Amino acid sequence: SRGARRAVSSARVAELSKPRGFAEEYAPSREPPWRVAASTRRAVASNRVEELAKPIVRETMDHLQFDPEAFKVKETAKKARCSQRVAELAQPVAHAH
């Protein structure tokens with residue numbers, strides 16, 4: 001519209017339209033100090049490497065059958081007692097100072 005073409009931006013809008021600067025720690029990317037061999041640039045991944053590179057796609061929790069009992073601790077497990085040997089092994093190692 002004609003009004004939009006005649007619009008003048010405010011000082012704040014002009015300030016916000018400027019690109020942000022770089023951080024102090026920023027270092028621009030650089031070329032490697034050695035030349036990459038042509039054979040390396042032409043390399044093709046094997047089928048096994050391609051297979052291993054594929055991400056594992058799992059179903060979302062929305063589509064899985066959620067088991068509300070999955071994280072419930074059984075009563076017998078709550079009453080369990082460890083053996084004397086397990087209690088002995090669970091003690092921290094005493095280091096000489």
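View 1. Y26 is partly exposed, at 44% relative accessible area (under 20% is buried, over 50% exposed, and partly exposed is in between, using a 1.4 Å probe and protein chains only). F22, at 68%, counts as exposed. Search the whole structure and you get one aromatic pair (Phe, Tyr or Trp rings, with the six-membered ring for Trp, whose centres lie within 6.5 Å; planes under 30 degrees apart are stacked, over 60 edge-to-face, the rest tilted). The ring centres of F22 and Y26 sit 4.4 Å apart with planes at 10 degrees, so this pair is stacked.

A quick note on the model: it's predicted, so local features need pLDDT of at least 70 and side-chain atom pairs pLDDT 80 or more, while totals for chains, interfaces and linings use all residues. Residues are numbered from 1 along each chain as its sequence is written, and side-chain values use heavy atoms, leaving out hydrogens and water.

View 2. Because they're three residues apart in helix 4, about one helical turn separates R48 and E51 (helices are DSSP runs, H or I, of at least four residues, numbered from the N terminus).

View 3. E75 pairs with K78, their closest N and O atoms 3.3 Å apart. Both lie in helix 5, three residues apart, about one turn. E75 is partly exposed, at 48%.

Key
Helix = DSSP H or I, 4+ residues; strand = E, 2+ residues; numbered from the N terminus. Salt bridge = Lys/Arg side-chain N within 4 Å of Asp/Glu carboxyl O.
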